[in-house]
Amino acid sequence: MQTFRFIDLFAGLGGFHLALDRLGGKCVFAAEWKEHLRDLYKENFGLRPEGDITLVHPQDVPDHDVLTAGFPCQPFSKAGEQLGFECTEQGNLFFNVASILQEKKPTYFILENVPNLLKHDEGRTWEEIQKILTEQLGYHVRAERFSPHNFGIPQIRERVYIVGSLLPLDAFAWPKTSDADTNIDTVLDDKPADAKKLSAQVNECLEVWAEFLNAVPSTVELPSFPLWSMEWGATYPYEETTPHELQRQYGYDGLKGFKGSHGAKMGYLKTFEERWAALPSHARTPQAKFPKWKQDFIRQNRQFYEDNKTWIDPWLPKILKFPSSLKKFEWNIKGGKRNIWDYVIQFRASGVRVKRRTTAPSLIAMTDTQVPIIGWQRRYMTPHECARLQSLDGLKKLPDSPTKAFAALGNAVNSKVVEMVAKALLGTHTPAEVKRKRKELEEA
């Protein structure tokens, strides 16, 4: 393949750079606002990125053939507030990408974001993006969702890839995916010396949930919905009204007579603040009515408790000492052996997740405590193992601090997935076709 020039916006660890470099590309410009990642990019690639993209004038960007950008996903992510373009800090950065496309008119572009981008604001955000790219900038555009496990990498982390071309994409075909099984062992080292061990609290919490699994009768099927232990014994209303609405209507006495987390009686508590604190955290949201998904989870959990309280009640006091997020449990091992230490575990704000060894949980911009746990070795994954999940093991160096490394890896694009998408895009047209199009643009 002929050498081509590309730029790497919101460069991070350089996942786009690695991928396009393998395809014969030469990076002529990069931008990354985090200073320590700019320093690291220079060490890994010999090119120091510019800083804040909003301070870069499009005319100052070198000419290039391919623009790549994993523009910030937080404004569109389900995990965030989903503000989209209304997020003044990051949501409008797409328009900086569009300005460079308008000024430099590269033949191709590849963008990456969370799949929720396509549904954000009932699809209006994606409609606006398409309108800008096609009607205003003249690109032919395609979008598709891919996850690393589609390409043999043991991580489920779906992202949307948006490709654009100044030439028609009638002959373009997305890379072929595979349904073949993957296994997290392919990216793991055997008991690495630098692996972080489990803290006393994490170990104790997992042992308590292991006791829960042992207590479940063999005749009882563990549910697929998240187990919210705080709802086991709770009676506060959640369907027609909410605790917030009761408090708004009736003040201090709004919660009188109801039970909160783990069946705690609230009537005897002397202040509203005490009664409010006795509710599960998910019940304290300022809403007149809970969304259907929350109502469903509460209903399912209360029914599960009613059906199984004879064996749950002796266990329940053991979980009370832990923070709220550790009182929630997701068992994603339907039909599997009920031994928590046989699997991959992750602590999230939504609870303790247990998954099969086939894949790792989706890497996010993690804190150290959210890094996947390798249960059978009773340790956290290392930065280098997580780099393999992102196909970034080709980097010469990762951030020195594990905290910074995990955060950067959680924000990174998967290098192999990008390479497959880029290879398909760049192979759509012949060099002669591209050359003719460039000539048309120059003469226009």
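1. Ground rules. Residues are numbered from 1 along each chain as its sequence is written, and side-chain values use heavy atoms, leaving out hydrogens and water. Since this is a prediction, local features need pLDDT of at least 70 and side-chain atom pairs count only at pLDDT 80 or more, while totals for chains, interfaces and linings use all residues.

2. How buried is H1? Helix H1 spans residues 15–22 (helices are DSSP runs of H or I with at least four residues, strands are E runs of at least two, and both are numbered from the N terminus). Six of its eight residues are buried, so H1 is largely enclosed by the rest of the structure. Buried means under 20% relative accessible area, with exposed over 50% and partly exposed in between, using a 1.4 Å probe and protein chains only. The buried ones are Gly-15, Phe-16, His-17, Leu-18, Ala-19 and Leu-20.

3. What sits over H1. The cover on those buried residues includes strands S1 (4–9), S2 (25–31), S3 (66–69) and S4 (108–113), plus helices H2 (35–45) and H11. Just after H1, look at Gly-24, with a positive phi of about 100°.

4. H1 against H11. The axes of H1 and H11 (residues 415–426) come within 8 Å and cross at roughly 45°; axes are lines fitted to C-alpha atoms, for helices over the stretch in contact, with angles from 0 to 180 degrees between N-to-C directions. The two helices are therefore oblique to each other (under 35 degrees is roughly parallel, over 145 roughly antiparallel, 65 to 115 roughly perpendicular, the rest oblique). On the H1 side, the contact (heavy atoms within 4.5 Å) uses residues including Phe-16, Leu-18 and Arg-22, and on the H11 side Lys-416, Val-418 and Glu-419 are among them.

5. Aromatic pairs. The model has 24 of these, counting rings of Phe, Tyr and Trp (its six-membered ring) with centres within 6.5 Å; planes under 30 degrees apart are stacked, over 60 edge-to-face, the rest tilted. Trp-232 and Trp-315 make a tilted pair at 6.2 Å centre to centre and 55° between the planes. Trp-232 is in the loop between S7 (227–228) and H6 (243–250) and Trp-315 in the loop between H8 (292–312) and S8 (328–331), so the pair ties together parts 83 residues apart in sequence. Trp-232 counts as buried at 0% relative accessibility, and Trp-315 does at 4%.

6. Phe-304 and Trp-311 pair edge-to-face, at 6.3 Å centre to centre and 85° between the planes, and both are buried. One aromatic cluster includes Trp-232, Trp-315, Phe-304 and Trp-311, with Trp-209 and Tyr-343 also among its members.
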